[in-house]
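Please keep the structure open as you read.

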Amino acid sequence: MLIDPFRPPAAGLPKVLLVDDEPDILVALEDMLEDEFSVLATVSPHEALAMLERHPDVAVIVSDQRMPGMTGDAFLARARNLTEAEALLLTGYADLSAVVAALNDGRISGYAHKPWEPAALLAMIRQAAQRARLAQALRTERMLLRGLMDSADDGLSFKDLDGRFLRLNAVAAARLGHDVEACVGRTERELLAGQHDQEATAASPLLRELDSLEGDDRRALEGRGHATSVTRPVEREGRVHWMERLRGPLRDGAGQPRALATFERDVSARRAMEDRLRQADRMQALGTMAGGVAHDFNNLLTAILGSLELAQRTSTDDARMKRLIETATAAAERGAALTQRLLSFSRQRETASVAVEVNALVQAMDDLLTRSIDRPGIRITQDFDAALPCALIDPAQLELALLNLCINARDAMNGRGTITLATRLLRAPDHADGARAGGHDDSHQLMAGAMPPGDVVAVRVQDTGVGMTPEVAARIFEPFFTTKEIGRGTGLGLSMVYGFMQQSGGAVRLRTAPGAGTSFELCLPCAPGSADIPSAASLPA
């Protein structure tokens, strides 16, 4: 049983084990050491081995060479299987072969002749105890560092001043495309550029990335601070990851850097969450502003419509005046419809949420959607989950949201393409991991709102149109934002969808890419008690 590197230092005096077959010598040694050490003593090498098993914290072993049953060098060789303690050999005669054997097998750090000079032997034992203490501390630090590097989820590495890896963990090595052994003694440039010789041109993104990494390393070593943190986009396997690197120079006693410690963490998920929070804050601010404007405007329109109604009653004989009043009334009613959309976006309208069989609702909209799309080159397909549970939602608002999404899909396809209406049940682990809603791997993804807790009823509207750039997708739910020509849209359709989902406790998931179409997935809360009950109007896919 070797000494446990995680064992804390023993309280009190360091332990010394004395082994000699002559009791008088043991007594003399104990008298010399008892003021500075905790002394264990035995006349038997076999008993000494048993004592080492019981006392793994022995710091120094002092052993006689010539003992009956087992010589000192043989005893110390066997002791090496039980302890890392320092060992000293006492010998009463000049047996060079015994000393050599003790050095090789027992790993002694010194020996003394009998009779010994007390001051010299005491100094030798003190030095051995000090070495044992330092060795134990070093073993503990090595084991802690190894445990940290092996268990850390982040990349951890140490480099020399030329950027060569001194140590690194498996996570850091895997991000470089190698194992740990292949990385030690080499730089990131050697490891990465060697993998991508075809990209090794002065203008390649890979070498620009390497230049940035090396520049950050140099600045960390040259800086006066203790640590620096830099977050940069890094392309790995065709995907962009945001990597945060914390660099800390390791300095000597004179304050000069001797190595660089680096912690590397993938913060892509955190940045995506921060972007979603910023988007939610922006939409909340816009919703508050839009709600205030809509409320005041709605009051004005109420007065206007009331006045127009009174004017119409008193002007029945004047055909021209009647026509003008009807035109003004129609315009005011369109304005009222716009205010209702703004109020939906700002979540200031009451919703009547009930348990809704979503498959049946979407199927019932088939004629309405066909008339609204009204394009011979556009086909509408359906893909229903037959065992879909009910959703807790306002059915009228859901119909309006789906109609808005389908009209947007129609306008994105220039007269030809396919609109797919699909439903599915997302179990809690699936939507927590960001289950895909169709589309391409290189598409831009955006989540607006927070996913409902538990299982989710998902309704997807997917088109084969022109798609959107990330810049357009980031603003798509803002009120009055539109990419359509003047006169073809108000920019409030998707804002209304967003407000409705927020008020209903749901979320909208968007996937799009230029030239690859767009997919909007409405994530609706399940009605209580219906998650495991198939819909009564289950439809085949």
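1. Helix 13 and helix 14 cross in a right-handed way. Right-handed means that the near helix is turned clockwise from the far one by less than a right angle, and left-handed means anticlockwise. Helix 13 covers residues 366-373, and its axis comes within 10 Å of that of helix 14, at roughly 35 degrees. Axes are lines fitted to C-alpha atoms, for helices over the stretch in contact, and angles run from 0 to 180 degrees between N-to-C directions. Helices (H or I, at least four residues) and strands (E, at least two) are DSSP runs, numbered from the N terminus.

2. Which residues of helix 13 meet helix 14? They are Leu-369, Ser-372 and Ile-373, facing Leu-403, Cys-406, Ile-407 and Arg-410 of helix 14. Contact means heavy atoms within 4.5 Å. By class, this contact has five nonpolar residues, one polar and one charged. Ala, Val, Leu, Ile, Met, Phe, Trp, Tyr, Cys and Pro count as nonpolar, Asp, Glu, Lys and Arg as charged, and the others, Gly among them, as polar.

3. This is a predicted model: local features need pLDDT of at least 70, side-chain atom pairs count only at pLDDT 80 or more, and totals for chains, interfaces and linings use all residues. Residues are numbered from 1 along each chain as its sequence is written, and side-chain values use heavy atoms, with hydrogens and water left out.

4. Helix 14 (residues 395-411) also packs with helix 17 (residues 493-503). Their axes come within 9 Å and cross at roughly 145 degrees. This crossing is left-handed. Helix 14 contributes residues including Leu-398, Ala-401 and Leu-405, while Met-496, Val-497 and Phe-500 are among those from helix 17. The contact has eight nonpolar, four polar and no charged residues.

5. Five strands form an open sheet in the order 2-1-3-4-5, with parallel pairing. Two strands pair if DSSP finds at least two bridges between them. Strand 2 (38-42) and strand 5 (110-113) are the edges, each pairing on one side only. The twist averages 20 degrees from one strand to the next. Four bridges join strand 4 (residues 86-91) to strand 5. Leu-89 has Tyr-111 of strand 5 as its bridge partner.

6. Helix 5 (residues 118-151) lies across strands 1, 3, 4 and 5, at about 160 degrees to strand 4.

7. Overall, the chain has 17 helices and 18 strands.
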